[in-house]
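Please open the model in your viewer and keep the selection panel at hand. The tour goes from the whole chain to single residues.

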Amino acid sequence: MAVRKIKRARKPNLRATNISARERWLAVLAKFNRNMDAPASKRYWAPDFECASRGRIRDIQNEKLAAMVPYLYEHSPFYRAKFKDARLRPSDIAKVEDLAKFPVTTKDEMARDVSAHRPWGTYTPIDDARWRDHGWMVFSTSGTTATPRSFRYTSFDRELWATTSARALYAMGVRAGDAALTCTNYSPHVFFWSLHHALNLMKVTVIPGGVPTERRIQMIDLYRPALLVATPSYSLHLANTMRHAGFDPGASSIAKVICGGEPASGVASTRARIEQAWNAELHDVYGCTEAVPAGWAFTCREGLARDPVSTHVQEDLQIWEVVDPDTFEPVAPGGRGLTIATNLNSEGSPQLRFLVGDFATFDYGKCVCGRTFARAIGGFNGRADDMLSIRGLKLFPSVVEEIVRGFDAFGDEFQIVLETEGVLDTFTIVVETRAVTDGSLAGQLSAELEAAIIRQCELHPRIRVVAPGTLPPTEFKARRVIDRRVVL
Ligand SMILES: [Zn+2]
């Protein structure tokens, strides 16, 4: 009922000139969110958007952008200042091709803004009055060393989160009547919350797995869910614990493992491990708290047969750009660069040119599934923030993960430990074997891993092969990098 009330209340005439920037933006959002609370066909939740021509996708982006920019300008002092600094007016950013004129928005800028304007910052268009009447939930980035960057998402956002995330789950083959075990605690993790509301909308049973691993195993055995929702690292830990408890995860009811929070399908050896451990399809979603909390990028079912797997971005909901990491200039179509998202799917956080910051290569050709949304080839497997600089060389932890997990004899847990010795960085990989091994086999594995790392990363690592159970098990997101280097 609440949903219907929101829609009825928001029906201003879009051609009228006397409506506010907020009313216009919400009306445009509602216009493109109509008839989205049930699947429109057997294959696609919203074929009008998912299979739209490239020209129509561009028209939708232009219409949404032209309504979003004045709203953001009017209600966000942070963005007003950015317009002023760039000597731009809102009318200068009316079409997708105008976006390049606007300076990229970074996490550092937001962090400075929130330090000056605690606790919310001014980078979102939600003020206290709007929040009091339409507030839904607060989500934040982790803020252990600084003020967290916080985002107030509204009750209208909740509706958008459900309808647009359902499209992704439907593309994975999730259907009404399925059941999902969601492995999470009660945390501000946008992926789990958007997924939860989408599953509710889709009439999929949710089994909240906010309990210890042993209970989760019992729940799989007892309720026989077809879907497991977890981080990739945790899905492997759960499978191992299950084996030790005498259950075979590969013979369980789980038919699809849906991952978020860490790269999954983009790391081929991790993908193979999860698929083999569960004897199930691996799907993953990609987004961020700031600009893509829902309506995420996703793997489609038909595309799983392709190697490498690719990830669709939902282009009627966000404008995606790929830019050079140093200059932030657009790369040529099909080139590799960093991701930027302009969020056209939110009342609470419609960010403009937000630097999500993963390396990606986009393909704009039609997918085998029939969708016309662009795809990130090989998924997203390296956020620039996670990149390590070791002795002047760049290294992504996901590259080490890919190599380590390519060895059958190694277990699922490993760590990269960085320390300082004299004036030099030391780079150690600590890795568990799958089973207890003798000294000579450990020595041989160590030599093989060292050679593989040198070959692919051009860095000389130290290797410590340790017994199973030595490293702390992953309970949610894995902590792979321990950086104890001294800043000289
Ligand atoms: Zn596809």
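**The whole chain**

Begin with a surface over everything: the protein chain exposes about 21200 Å², of which carbon and sulfur atoms supply 51%, the areas coming from the Shrake-Rupley method with a 1.4 Å probe and, for residues, with only the protein chains shown counting as cover. This is a predicted model, in which local features need pLDDT of at least 70 and side-chain atom pairs count only at pLDDT 80 or more, while totals for chains, interfaces and linings use all residues. Residues are numbered from 1 along each chain as its sequence is written, and side-chain values use heavy atoms, with hydrogens and water left out.

Switch to the C-alpha trace, which spans about 80 × 55 × 40 Å along the principal axes of the protein chain. The radius of gyration is 23 Å, which agrees with the value near 23 Å for a compact globule of 488 residues; it is taken over C-alpha atoms, and the globule rule is 2.2 Å times the number of residues to the power 0.38.

In cartoon view, the protein chain has 14 helices and 19 strands, these being DSSP runs numbered from the N terminus (helices H or I, at least four residues; strands E, at least two). Buried residues make up 56% of the 488, where buried means under 20% relative accessible area, exposed over 50% and partly exposed in between, with a 1.4 Å probe and protein chains only. Of the contacts (heavy atoms within 4.5 Å) with a separation of 6 or more, 70% join residues 24 or more positions apart.

**Two loop residues**

Next select T231, in the loop between β5 (227-230) and α11 (232-244). Is T231 buried or exposed? T231 is buried, because its relative accessible area is 1%. Show its surroundings: leaving aside neighbours within four places in sequence, T231 is in contact with C259, G260, E262, F476 and K477.

Move on to A255, which lies in the loop between α11 and β6 (256-259). A255 is partly exposed, with a relative accessible area of 40%. Not counting residues up to four places away in sequence, A255 touches A226, A280 and E281. Draw a distance from A255 to L228, 27 residues apart along the chain, and the C-alpha atoms are separated by 8.1 Å.

**Cysteines**

Finally, select C300, which counts as buried at 1% relative accessibility, and then C457, also buried, with a relative accessible area of 9%. How many disulfides are there? The count comes to 0 disulfides, a disulfide being a pair of cysteine sulfur atoms within 2.5 Å.
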